[in-house]
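Here is a short briefing on one protein chain. Keep the sequence and the 3D view open as you read.

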Amino acid sequence: MSLYPQIKQFLLGKTLPTSAHAEERLSNAAALAVLSSDALSSVAYATEEILLVLVAAGSSALSLSLPIAIGIIILLLVVTLSYRQTIRAYPNGGGAYTVAYENLGVYPGLVAGGSLMIDYILTVTVSISAGTAALTSAIPQLQPFTVSLCLIFIFLLMLANLRGVKESGNIFMIPTYAFIVSIFVLIVLGLFKQATGQVPTESPSIPVQEGLSLFFILRAFSAGCTALTGVEAISNGVLAFKAPEWKNARVTLLYMSAILGAMFLGITYVSRVYHIVPEEGQTMVSLLGRHIVGTSPFYYFVQIATLLILLLAANTSYADFPRLSSILASDGYLPRQLALLGDRLVYSNGIILLSVCAAILVIIFKGDVNAIIPLYAVGVFTSFTLSQAGMVRHWFQERTPGWRPSAVMNGLGAIATAVVLAVIISTKFLGGAWLVVVAIPIVVSIFLAIHRHYQYFAERLSIEGLPPRSYIPRPKPEVVTHPAVVVVGQLNRGTVEALDYARTVADEIVAVHVDIGSTEVEKLKEQWRQLEADIPLLIIESPYRSVISPIVEFVSQLEERYRDTYTTVVIPAFVTRNWWESLLHNQTTLFLKTALRAKKSRVVTTVRYYL
């Protein structure tokens, strides 16, 4: 084993067979940690975002934080009940993209998918930045290293997720539950001190910079709606649960919403009781902890738990972004590489893409949570609205028993989230939300350009219209003077031309196809009988999803059998019209040629098919 595979195996673990995929499922407790950490962790900054707006209207306006929080919890209840209907209707996973695409059409589906992808990237950026802020609040000496710490945390999360679903679930359970317990203990201690008269009675004097108005209150409400980000993650990740998947997902969603609502309301109420005002360099949870327990060991425990849950909140995106990317890639709207399972049965390419995008945003915004927050929530409420609107149409089309109450619930959810989306865009547009509003159409345009390429690619390579061939089976020569191996990915026009070339140079030909679990074997065999019946087709199953290794091993065996002659390896390859289009394909030809060169295969021929 060379150095790179050794390092990879040390960091990520041994490659898992495809048969182990069903085992990589989560219990309800583990799923709450993996899929709900984003939503649960938002209580660490949602109240602070409300107060950062209200503080501009002076001391008296701070009391509005509690009514605003209650309004957000009512919205949380509506969204939760709506998504429970979605999970019941889509037991195999009903993300916003799937629901909108199937019920509203291509463009709404792509808008929902693009919005969610942007939101997942921002979730990682915000969560990592907020977690780092919790650390630097407790240890101010680390503030100059904020960006470096953010990048280190992103790298560690990427490694943890590349190791696989089950292992990441086990890693993340302890910090999630430690955070939940620490927040509830902090709230209870705060209420106890209030009951015993140990709270300050005077409010700080804050000058009025802006008058109270409906628009001002809506701005504070929209800022607090960051508490709802991540609520949809469970409906996107139904298949990550153990059986019965959809029932476990519905139960976990209910638990998550109840815990989130209680923590958010408790933090907001206690912050109001203690007259907490946001300060530069200190998070809301840090200020609250200092007022209630001082700088005791429990204060540092709360800060560490907050740091860890905010870092792990990004894991919601690591659970759902790769899965959404794989669905979009399977539908032809993203590069096909994103649909491939990695060595540890996770979508490794999606995990790496998410990490790179989040790291770039951290560098651009210098890890400043308040600078990123205005971009936040636009994407998630866009997907909320499209998903719930799609569910309304779903119920009217299906008309299954009990469809009317479900349609009403989803309709209420669609209206509520659409109103909140309008509020968020109008109140945060100039503050940075315009970036997301502009980015969504750009992302959808990229989706459509990729899809057009794959459609053109499929049309050019299609064997539709090729007449059945009547090749006479080739008799095996007494002495083989020139054997050839033709690598077959799919039976298309490029493969047909490669086989035609092999017939001109070889007296014994064998075609080799590697099945990584996605091949329609009977369909391939039938097509082969019609077009290439004179050449035997060998189908090799690859339980570890590797295409290269089985081919290299087969070629080595054939070369060993015919040591006194030259064995030609024929590889079909297509040439794209533009250089960037080649990035949308797996580059299997390049990797295979490199591997064959390493094994010292002497004759490797590429038969090019120009698109």
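The points below go from the whole chain to single residues.

This is a predicted model: local features need pLDDT of at least 70, side-chain atom pairs count only at pLDDT 80 or more, and totals for chains, interfaces and linings use all residues. Residues are numbered from 1 along each chain as its sequence is written, and side-chain values use heavy atoms, with hydrogens and water left out.

**The whole chain**

- The protein chain has 21 helices and 5 strands. Helices (H or I, at least four residues) and strands (E, at least two) are DSSP runs, numbered from the N terminus.
- Along its principal axes, the C-alpha trace spans about 100 × 55 × 40 Å.
- Of the 611 residues, 54% count as buried. Buried means under 20% relative accessible area, exposed means over 50%, and partly exposed lies in between (1.4 Å probe, protein chains only).
- Residues 24 or more positions apart account for 83% of them.

**Helix α5 and its tyrosines**

- Helix α5 covers residues 96–104, and its buried residues are A96, Y97, T98, V99, A100 and N103.
- These buried residues pack against α4 (65–89), α6 (106–138), α10 (233–236), α13 (297–330) and α16 (378–398).
- Y97 and Y101 both lie in α5, 4 residues apart, which is about one turn of the helix.
- Y97 has 2% relative accessibility, so Y97 counts as buried. Y101 has 26%, so Y101 counts as partly exposed.
- Just after α5, G105 takes a positive phi of about 115 degrees.

**Aromatic rings**

- The structure holds 8 aromatic pairs. The ring centres of Y97 and Y101 are 5.3 Å apart and the planes stand at 45 degrees, so this pair is tilted.
- Rings of Phe, Tyr and Trp (its six-membered ring) pair if their centres lie within 6.5 Å; planes under 30 degrees apart count as stacked, over 60 as edge-to-face and the rest as tilted.
- Y83, F381 and F384 form one aromatic cluster.
- R336 lies over the face of Y454, at 3.9 Å from the ring centre. R577 lies over the face of Y456, at 3.8 Å from the ring centre.
- A charge sits over a ring if NZ of Lys or CZ of Arg is within 6 Å of the ring centre and within 35 degrees of the ring normal.

**Strands β2 and β3**

- Strand β2 (residues 508–515) and strand β3 (residues 537–541) run parallel, joined by 5 bridges. Two strands pair if DSSP finds at least two bridges between them.
- The chain crosses from β2 through helix α19 (residues 521–531) to β3, and this β-α-β crossover is right-handed. That term applies if, with the strands pointing away from the viewer, the path from the first strand over the helix to the second runs clockwise.
- A511 has L537 as its bridge partner in β3.

- E532 is found in the loop between α19 and β3.
- With a relative accessible area of 0%, E532 is buried.
- The side chains of E532 and R503 are joined by a polar contact of 2.5 Å. A polar contact is a pair of N or O atoms within 3.5 Å; within protein, one must be able to donate a hydrogen and the other to accept it, and residues adjacent in sequence count only if both atoms are side-chain atoms.
- E532 and V514 are 18 residues apart in sequence and 17 Å apart in space, C-alpha to C-alpha.

**Backbone details in loops**

- A cis peptide bond joins A243 and P244, with omega about -10 degrees. P244 is found in the loop between α10 and α11 (245–273).
- K366 is a residue other than glycine with a positive phi, near 55 degrees. K366 is found in the loop between α14 (348–365) and α15 (369–372), and at 63% relative accessibility it counts as exposed.
- R399, also not a glycine, has a positive phi near 50 degrees. R399 is found in the loop between α16 and α17 (403–461), and at 48% relative accessibility it counts as partly exposed.

**N248 and its neighbours**

- N248 lies in helix α11 and is buried, with a relative accessible area of 17%.
- Not counting residues up to four places away in sequence, N248 touches N28, F241, K242 and A243.

Terms used
Contact means heavy atoms within 4.5 Å.
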